[in-house]
Amino acid sequence: METLEKPALTQEEQFQARIDADVRIEPKDWMPEAYRKTLIRQISQHAHSELVGMLPEGNWITRAPSLKRKSILLSKVQDEAGHGLYLYSAAETLGASRDQMLADLHSGKAKYSSIFNYPTLSWADMGCVGWLVDGAAILNQVPLCRTSYGPYARAMVRVCKEESFHQRQGFEVMQTLCEGAPAQKEMAQEALNRWWWPTLMMFGPKDSESPNTEQSMKWRIKRFTNDELRQKFVDMMVPQAEFLGLTVPDPALKWNEERKAYDFGEVNWEEFWQVVKGNGLCNADRLQARVQAHEEGAWVREAALAHAAKRKAREGVGA
Amino acid sequence: MQAAPSESTALATYSAEVRQLLFTYVVQLADTSLILGHRLSEWCGHGPILEQDLAMANIALDLLGETRSLYQYAAELEGKGRTEDDLAYLRSAVEYRHPLLVEQPNGDFAHTIVRQFLFDNFHYPFLQQLKSSPDERLAGIAEKAVKEAAYHLKWSSEWIIRLGDGTLESRQRVEKAIASLWRYAAELTTPTATEKALQEAGIIPDYAALQPAMVAHVARVLEEATLPTPPATTFGLAGGKEGRHSEHLGYILTELQYVQRAYPGLTW
């Protein structure tokens, strides 16, 4: 509210004051254009990650080794489709259209999580994706349940509940393998060797090289830096790997008594940036699968619209 | 919902012969929902729109749930210590007993919809009758599955209507799918010797009695879809329910059974 005594706050200052007081921003509230753009970028990127993320796990639904595992995996991938839906809806509250967001994904303009550009090669990958990838996703996402934009925060509450369920399921897949035959334990170790480093990359570039972090922290879209979350993840996962009897593929990994945290080796940032730029093993295949599904589905979407229009016209005549 | 009967009371009343017939039949039902669910799950991540991706995964999950209850019951009927996974993962193509329709490839979305519609149009009225089976286990499984099947039939019927009365392209595609899949429909309601024996024993529904409702529903949906009724004299393809399959099944099982075959005897 404006007062007569003090000079009126600008819209931008009022906005920041609400953020600082932890008051949620809602769709009809005024917001700086850059805040809106940052959120659309982040939420649509997140929605795209759910959509593309269906592919590496979908890859194993038809080959799941038991009916129970098949059922769990299928419902997990279905959950991801659901997350995609509510995230696209959250982005739509900011004025973005789903068609445009998808067009940006298909043209390569919009990004999705790079982790999905790695292949799923064995059944143990279903364990690692749940245990490590969903584990990393949870660390990234739990703070988003308190993010400043209301619809995003509310969508994330639901997403996080399901993700932590998925993470437990992934851990259980790993545990079953590690307690099984030598061939199964080898399968688990081999999968961990491939997934460990790409998962550390999920937290994004080093803080010193993350251009968006400072502003996002100020707007409370983000609440922890990339490096803080990466450290948290390592500290959480190393004891779990030890429990499973698996070796984390990092010779530099060592408990630091002074910091009460693990020291760990340097991520291969060259690989990180290459995959971000589209040069990973599966980038082209993932995008091609999405584009193909969209193009081959065009006649279906057109038919549904045409039928709805005919129906509406008939009802109009009948009325 | 009735309480699940204890295993001994449900099974003890059957003669060895009926038990064998029932085992064969319950496996047939389980194979049917497993294979159709497998086909639907191939769409996962590749659907024409996210909402329909979800719908197909949902139907696949329902069918998989039904599959598991049925295999578990079959394993008990057999009484040889086999599990649901042994039945799904360690039988060869000729031992599979589902109708040919459900193993047909997804094709385009129109083919998937027509295949689903033909199946749902049988599955739903069938389960409605199976609910009153004197076999309490089958009745219980039907009781749960029929609610899901009602939704499946609604979904596939609505899509037949949308595609038939949508655009010229969707109409041509759905007509083509009907032309290629309709000949598999008759097998669903043509009883095998096993089915006849169980029908005569009053354990499973008489398929002839399901026909009027099935024909009426197809007629209503096709009319609303402005699609012509396919000629009734089309030569029906059958054999799947007796283990004579199309070439497609071998590839389905190669994928489905891969891990279990590559690493025999392990727990996953």
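Guide: A cavity is a set of grid points where a 1.4 Å probe fits but cannot get out, whereas a pocket is an open set. Please keep in mind that this is a predicted model. With that idea in hand, a search of the whole structure finds three cavities of 30 Å³ or more.

Visitor: How much space lies in the largest cavity, and which residues are closest to its centre?

Guide: The largest cavity holds about 130 Å³ of space, and of the 16 residues that line it, those closest to the centre are Leu29(B), Thr32(B), Phe119(B), Phe122(B) and Phe126(B). Helix 2 and helix 5 of chain B each contribute at least two residues to this lining, which by class has nine nonpolar, four polar and three charged residues.

Visitor: And which residues line the second largest cavity?

Guide: The second largest cavity, with about 100 Å³ of space, is lined by residues of chain A, among them Glu57(A), Arg69(A), Lys76(A), Trp123(A), Met126(A) and His166(A). Two or more residues of the lining come from each of helix 3 (67-92), helix 5 (123-141) and helix 6 (150-178) of chain A, and the lining divides into five nonpolar, four polar and three charged residues.

Visitor: Turning to the open spaces, what is the volume of the second largest pocket, and which helix gives the most to its lining?

Guide: The second largest pocket has a volume of about 480 Å³, and of its 21 lining residues the closest to the centre are Trp182(B), Ala185(B), Ala186(B), Gln211(B) and Val215(B). Helix 5 (109-130), helix 8 (186-189) and helix 10 (207-224) of chain B each supply at least two lining residues, and helix 10 of chain B gives the most, with four.

Visitor: How should I read the interface, and how many residues does each chain bring to the contact?

Guide: One can begin with the residues and the area, and then turn to the polar pairs. The contact takes 49 residues from chain B and 47 residues from chain A, and the two chains bury about 4100 Å² between them, 68% of it on carbon and sulfur atoms. The rule also finds 15 residue pairs in polar contact across this interface, counting pairs with both residues at pLDDT 80 or more. On the side of chain B that touches chain A, the elements giving two or more residues include helix 2 (16-41), helix 3 (50-78) and helix 6 (136-164) of chain B, and the largest share, 12 residues, comes from helix 3 of chain B. By class, that side of chain B has 24 nonpolar, 12 polar and 13 charged residues.

Visitor: Where do salt bridges come in, and how many are counted between chain B and chain A?

Guide: Side chains of opposite charge can pair when their charged atoms come close. Between chain B and chain A the count is four salt bridges, and in one that joins Glu51(B) and Arg98(A) the closest N and O atoms are 2.4 Å apart. Over all chains, the search finds 33 salt bridges.

Visitor: Which parts of chain A are linked by the salt bridge of Glu26(A) with Arg154(A)?

Guide: In that pair the closest N and O atoms are 2.8 Å apart.

How values were computed:
Residues are numbered from 1 along each chain as its sequence is written. Chains are lettered from A and ligands numbered from 1 in the order in which they are written. This is a predicted model: local features need pLDDT of at least 70, side-chain atom pairs count only at pLDDT 80 or more; totals for chains, interfaces and linings use all residues. Side-chain values use heavy atoms; hydrogens and water are left out. On a 1 Å grid over the protein atoms alone, a cavity is a set of points where a 1.4 Å probe fits but cannot get out, and a pocket is an open set with protein on both sides within 12 Å along at least five of seven lines; lining residues have an atom within 4 Å of a point. Grid points are joined across faces, edges and corners, and a volume is the space filled by probe spheres set on the points. Contact means heavy atoms within 4.5 Å. Buried area is the accessible area (1.4 Å probe) that two parts lose on being put together, summed over both. A salt bridge is a side-chain nitrogen of Lys or Arg within 4 Å of a carboxyl oxygen of Asp or Glu. A polar contact is a pair of N or O atoms within 3.5 Å; within protein, one must be able to donate a hydrogen and the other to accept it, and residues adjacent in sequence count only if both atoms are side-chain atoms. Ala, Val, Leu, Ile, Met, Phe, Trp, Tyr, Cys and Pro count as nonpolar, Asp, Glu, Lys and Arg as charged, and the others, Gly among them, as polar.
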